[in-house]
Amino acid sequence: MSKSRNETKYWKNLKEYYNDPDVFEEKINEFKDGVTDDFETSHLSSISRRKFLTLMAASAAFSATACTDYRDKGEIVPYTRRPEDLVPGIANYYATSLDGYTGNGVLVKTREGRPIKIDGNPEHPINKGKIDAAQQASILNLYDPDRLGEPQQNKKQISWNKAINSISGELKKAAEQNKKIALISNRITSPTTNSLIEKLKEKYSNIEVYSYELFDDTSKRNAWNKSYSGSLIPSVKLNEAEIILSIGNDFLAKDGNVVENIKQFSSRKEFVKEVNSNRLYVVESELSLTGSNADYRFPLKNSDQKKFLLTLLNGLVSKDAGLGSQFPIGFKTLIAKHDFAALSNIDKKNFDQLVNDLLENTGKSILVVDERASEEIQILSHLVNEILNNNDLLCFSKAFVDYNSLSNSDELKNLVNELNSGNISVIINLDSNPVYHLSYIDGFAEAFNKTAAKISLSQFENETTALSNYVIPINNPLESWGDFYVRKNVYTLQQPIIAPLRSTIQKETFLLSLLNEKLSSDSEILPLVKENFKKLVYEKNGAIVSFDNYWNNSLHDGFAVIKIEEEAKADFNYAVLENISFGKSAGGLTLLLKPNHFIGDSRFANNGWLQEIPHPVSKVAWDNYAAVSPNTADKYQLVNNDVVEIKSGAKAVKIPILVQPGTTDDTFVVELGYGRTNSGDVVKDVGFNLNNMISLDSDSPYSISGISVSKTGETYELVSTQEHHAVDDSKLKDIHLSRGIIREGTITEYKKNPDFVHEHDHPIFSITDEHEYKDHKWAMAIDLNKCIGCSYCVASCNVENNIPVVGKDQVGVGREMHWMRIDRYYSGSPDNPEVSTQPMICQHCDNAPCENVCPVNATNHSPDGLNQMAYNRCVGTRYCANNCPYKVRRFNFFDFRDNFADAFYENDSTALVHNPEVTVRSRGVMEKCTFCIQRIMDARSKAIAEGREVAANEIKTACQQSCPADAIVFGDSNNKESEVNVFREHKLGYHVLEEINVKPNVTYIAKLRNTESEDV
Amino acid sequence: MSSVDYTKEYSVVEGSPRLSEIEDIIIRPLNVKPDKKFYMAISVTLTMLLIGVISLGVSFYYGTGMWGNNNPVGWGFPIVNFVFWVGIGHAGTLISAILFLFRQKWRNGIARFAEGMTIFAVMTAGIFPLIHVGRPWLAGYLFPYPNQHSLWVNFTSPLLWDVFAVSTYFTVSFIFWYVGLIPDFATMRDKTTNALKKVIYSVFSLGWRHSNRHWQNYEMVYLILAGFATPLVLSVHTIVSFDFAVSVLPGWHTTIFPPYFVAGAVFSGFAMVQNVLIFIRKIFDMEHIITLDTLEKMNKIMMLTGMLVGYAYAMEFFIAWYGGVEAEQFAFVNRAFGPYAWAYWIMVSCNVLSPQLFWFKKVRRTIPAMFAIAVFINVGMWFERFVITVTSLSRDFLPSSWGYYSPTLVDFGILIGSFGMFFTLLLLFTKTLPVVSIAEVKAVVDGAQPTHGDH
């Protein structure tokens, strides 16, 4: 071997074995030149490992998310510092008030700061925990997507500062040019608003205030002034009246404080605990809700009201001459000329009985007349009450405060002239809608449009904002401070429940801003409210506590009672009777204009919930119509949906016909508040506007005689939630009575035979053992004597249970979603039918026929007797609805959240109206009344937390809570102390369709009419 | 007047064809290319099917609200169509199983086709319970399957019984049909020259070699399946009728429904089979296999079942009156004189009056007349289901919740689609499988059976 052997034992290659010097060198320099020198990041590929992984992860995440339908549901932010008194999941309640018409107090339920339900304030002395449908549903207005959100000048958004500055400029300009400023509004009952207007008047002496109401009650106030000079119109203690005679006064639905009236009226329809009933006589032209509840109803044309009153006086005086002792001679001879024979269509026997009843119940009866009747009629009604000593039933301490009398027609016409002549250069519309309402004042819209500066305050777009150059969006009542002084002894307070959802201010802030000539904030109104409160309540009451204390308590309560001394009533002024003229009847056709039930003077028109509650009598939803009697319809060959043209002088309107049994012949009855041209999405193409037919000059502005009617040949589809059956179809006549759905009798019959309701019952037995309910068993009872059919419960149920609005087209095909409906049945003759109403909800049958047919067990029975729906399990076979004898199940034929009016419900704000306790149902799912299970569960968890049983009458369902008549009772029928048990075991209690042995759990108390004869 | 001697048994196949002739006639449609007429026919049925598919798509996208269904009337066209098609599906199994057990030889010429119609009709019907639900994507809930919620279906619901009854009926009918096809597959396998067809027929003929042993086993299986299918013929429509009879609704809650529904189903099934066969025998030159005598016999069955149905109509009225339940009485008076009186009288005139013409022999044996009457019967039977479903629902117990049901275009689209599906399947059937059973017809031609001759 030429090369020396390696000493080492291990070798890696031959070079090493032979000790090649290269290997040696390599071994010394472990890192060769260039291996380390080159290591510079800049020389490396720009994609580093980290960057590569980052990109990989990002693209994986990106592709993963891009393939899902993940939707950003917005940020969910937990409370880092929990607001005081707010526990997530627990509702808070605040007392406030929503309107200046009734001054009723409300209690607003909020969840996590969000108002979700409005109920009556139980402590409020006037409405006592109840409010009407419009106020309950008005929670939707707060979240309405159509609300105006920014101030506008000539339809362009401007800033608040600019708006206030330029409007202040307009006012100053008007003052400089010696022009007048008109401020137009509805009746103002807020002392704070009033004081601000007064202050503004001081600043700008050229301001003139005009106020109007669509339904003007000036004649009523004037008449009272003439009869009993000076004093305020008292309220009536209906609950103390044995006999109530209403002549065209729809006090149970439209006139006066309806909630208060219903509560008082129904408190005297008591048959369960004792027999205590008033008797209601109604004389009316249209079939109203009040007329539906009458014990005796006389159909009488509106134009004959005076004749009827004079005949009644004649009847009274001829029976008891002493009554007429103070009548002026001329009046005595006048009434003597009115004999009964002149009243057609009125049953002599019943009329005589009315006279006797009034005479026998002097001091305990009351006559109420049409709120909008002429002064003469009002005065005559005062006279009847006066001679019968019925004034004992008038309540002066709760009299209606008249803060600002309304402008009369001359003043309003003058306004038009002044606008036309340019004397008025600025018109401020303070949250009213004169262009729509005052269309009966000739040329109002044109005159309004001519004015240089038109400023409109409104929550929504309307006919007036459309013509205005400045539109000022204002707060919802739930976002505002305020006060209402409507009744003499009650001062109602309003507090904001939520901060304004949009960029709005309250209308008082606007007035204050004009006063300060710079933008003020809503919080500046609070001191003003307090100031007025101090002056009008605190100081008057002479309270001994500190003002702050008193204020805080009153704000908490939502109202304060003002101490007043009972004011002695003035004497009746018999001299006014001398001017009363003979009661003539007007021939020909009459157009009778009436308020509607739910949407007010159209201010609630954009509220789908309210539009969809069917008319309590006709059951038509989403429209108004001209109601005519079957005879008149025959005479003019009209059928439902025919469009007629009604002409009065130069004015003409078109409206569809509805044949309404009970209407007097030759009368066309139309409810106002419909036919809006500029408003939100909901109210587009809803109904017909007949405001221009009002004739404020005449004696009877809302009852227009001498109209002519012609058939146009067009038709317009009216939709109703009940099929219109001909009342005289022999197959269908009185079917509700023959089937025992409605069981009725008279008090006489009941006294004679207390079991008459159950006379035709058959013994019912089951071939299987009945299921036992050991613990609680929930049940409901509805007293049909108290229920007047007002439908406020429907509104309450809608809000509580997230009932969707489905729209007119879907109501038309019978797909309304109401869990609660008020069934209305006619019996008797179509000229003057008997009306029976019956609230119908899921009966939670023990042997529920819906349960056994569901193939997937989606509807089943709870151990406490509830018929339950598991929405998630429901596949929507609709078999349960088919097999429900009461047809109370409602199917989601569409996703009604996006089906109605371009996904009205799916915008961000409307979704907030939902009650978080109740599932929002999806398409293809069946639903129905749950007996407000969320409230049962709430009471249960409270009881568990407090370590006790749920009390017998602790739970109130939404319908029960809102029922102004207290007709609904709910409770545990296994608990002997519960009120519902008294009803279930009462002799008047019956179940609808009990013969099919489904064992329903809603007991109805049979209606007893207070008539003399036994037959209804 | 032609005289038929009813004391003598005539051959059910006319003209004493040779066995190979029978094979040729029956197999020929499978070997020739479809002609123009076929393409025209299938384009019509496919268009109808497409209309149905579009209507269904619209319904799935927007919801059941696209139909006329409303609050009192929860069930409309889809359920009417379901009952109608299940009814159509009744004739096939009745002809192939029940008439087989009764040794009615004349059924051999029509059994295969009638059975095919049964399968297609049940397939068509089976779609409706699934699509008529509000959330069709959850229709799987209707089947009992183990799940982590231990959530079970409701065994007391007639709708669930329907699921079982219809799926059982379909399965058994299908197996029965297939078993009957095995010898024919073998025959076709033996005759075909096409390599691909040979493979397919070989697979489906399950190695059939026409051996004596095969025949023996075959006859036994066929007999057992016939026995098994027979009660199903009666049970399916009985259970479908339970959908109505088990409810509390006046007009639905009647004990006569099971036999009445079965009679109605046989009635409409025969009418549909007769209608289609009239075309088949003409187009495929099978007039001597599906003879006028066979058609006459079918007409007689229609007349019988028509009268059964008429009796049921009358009995419903009688019991409503006799039972004295006011709501029930009203339901029937309302059917005849209420807002749906037009539908009721269409039903009565089509179902009760028109089959009475079959009393005349001339009518029974005249093709256009019997065809027209059978069409009327099918219209009438569709209306019968409409009357039962819709009128009862539209006016039930509480007059306040009554409502009128009017179908929408989508409803009609789905109805048209169901006919499209049925006839498309039928047309494809005529080009893929022997429409008449080769083996069974061979068994009934003259001389096929051992006789005593003149001895």
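Which domains does the domain assignment of chain A give? The assignment lists domain 1 (1-70), domain 2 (152-216 + 406-561), domain 3 (218-319 + 365-400), domain 4 (580-720) and domain 5 (735-763 + 776-1009). Such bounds come from an automatic or database domain assignment. This is a predicted model: local features need pLDDT of at least 70, side-chain atom pairs count only at pLDDT 80 or more, and totals for chains, interfaces and linings use all residues. Residues are numbered from 1 along each chain as its sequence is written, while chains are lettered from A and ligands numbered from 1 in the order in which they are written.

Take domains 2 and 3 of chain A. Their centres, taken over C-alpha atoms, are 34 Å apart. Eight residues of domain 2 of chain A contact seven residues of domain 3 of chain A. Contact means that the C-beta atoms, placed from the backbone, lie within 7 Å.

Chain A also has an open sheet of three strands, in the order 1-2-3, with antiparallel pairing. Strands are DSSP runs of E (at least two residues), helices are runs of H or I (at least four), and both are numbered from the N terminus. Two strands pair if DSSP finds at least two bridges between them. Strand 1 (92-97) and strand 3 (114-120) of chain A are at the edges with a single partner strand each, so one side of each lacks a neighbour in the sheet. Six bridges join strand 2 (residues 105-111) of chain A to strand 3 of chain A. There, V108(A) stands opposite I118(A).

Now the chain contact. Chain B gives 39 residues and chain A gives 46 residues. On the chain B side, helix 6 (158-191) and helix 11 (326-337) of chain B each give two or more residues.

Terms used. Contact = placed C-beta atoms within 7 Å.
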